[in-house]
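Dear colleague,

Please find below the structure that I am handing over to you, followed by an account of what was found in it.

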Amino acid sequence: MKLMIASDIHGSAYYCLEMLDAMKKECPDRLLLLGDILYHGPRNDLPLEYEPKKVIKMLNEVKEKLFCVRGNCDTEVDQMVLDFPIMADYAVIPCGNRIIYATHGHHHNVMTPIPLQPGDILLHGHTHVPAWEPFGNENLYLNPGSVSIPKENSAHSYMILEDGLAKWKNLYGEVYHELML
């Protein structure tokens, strides 16, 4: 399965469209959104073309390809306008002989991880900074960065996971890091 992973759209119609254009080029089986879909949050500046209603329409049009976890900016009101579930706190994804625990990152992260088996992977957004770092007991922390509001001079980015290879790409499809899992 080819999985595209993105996080932190924060209501930007411009970057949501860029992400969906990248999705068309990548042709993933599914797109996993790691939360913070519609609202920009009080700590962030408004992202380019902050138009949550346009984001709603764009994402509802590809709902059959999506699965999501809830971010700290996602609410029940957001769920009422989206035609796909966004309220799960986490998703568990088998990856060979490991599991990937996918969450937004505001509750479970490298500072407050869930119990993981050696070799398992913690995947989350929230920080807006791409990451591929070992931690814990032979565990790995992955973060696709942010689609719309990247931080620490990182690119507007997403991640592709396919055949045990993780690739971080900017929204134009340029690979800036690869990691065999």
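**Met19 and its surroundings**

In this predicted model, Met19 has contacts beyond its neighbours within four places in sequence: its partners are Met4, Ala6, Ile9, Leu31, Leu33, Leu59, Val147 and Leu171. Met19 also belongs to the largest nonpolar core, which has 28 residues. Within that core, the residues with the most contacts are Met19, Leu33, Val55 and Leu59.

Two or more residues of this core come from each of the following elements: strand E1 (3–6), H1, strand E2 (30–33), H2, strand E3 (66–68) and strand E9 (157–162). The greatest contribution is that of H1, which gives 7 residues. A further core lies apart from this one; it has 18 residues, including Leu34, Ile121, Leu140 and Leu161. As general background, nonpolar side chains in soluble globular proteins tend to be buried together.

**The pairing of H1 and H2**

Helix H1 spans residues 13–26 and helix H2 spans residues 52–60. Their axes come within 9 Å and cross at roughly 15°. With angles under 35 degrees counted as roughly parallel, H1 and H2 are therefore roughly parallel to each other. The crossing in which H1 passes H2 is left-handed.

On the H1 side, the residues that take part are Ala13, Cys16, Leu17, Met19 and Leu20, and they meet Lys54, Val55, Met58 and Leu59 of H2. By class, the residues of this contact comprise 8 nonpolar, no polar and 1 charged.

Yours sincerely

Notes: Residues numbered from 1 in each chain as written. Predicted model: local features only at pLDDT ≥ 70, side-chain atom pairs only at ≥ 80, totals over all residues. Heavy atoms only, no water. Axes fitted to C-alpha atoms, helices over the stretch in contact; angles between N-to-C directions. Helix = DSSP H or I, 4+ residues; strand = E, 2+ residues; numbered from the N terminus. Parallel < 35°, antiparallel > 145°, perpendicular 65-115°, else oblique. Left-handed = near helix turned anticlockwise from the far one by under 90°. Contact = heavy atoms within 4.5 Å. Nonpolar A, V, L, I, M, F, W, Y, C, P; charged D, E, K, R; others polar. Core = buried A, V, L, I, M, F, W, Y, C linked by side-chain atoms within 4.5 Å. Buried < 20%, exposed > 50% of the residue type's maximum accessible area, 1.4 Å probe, protein only.
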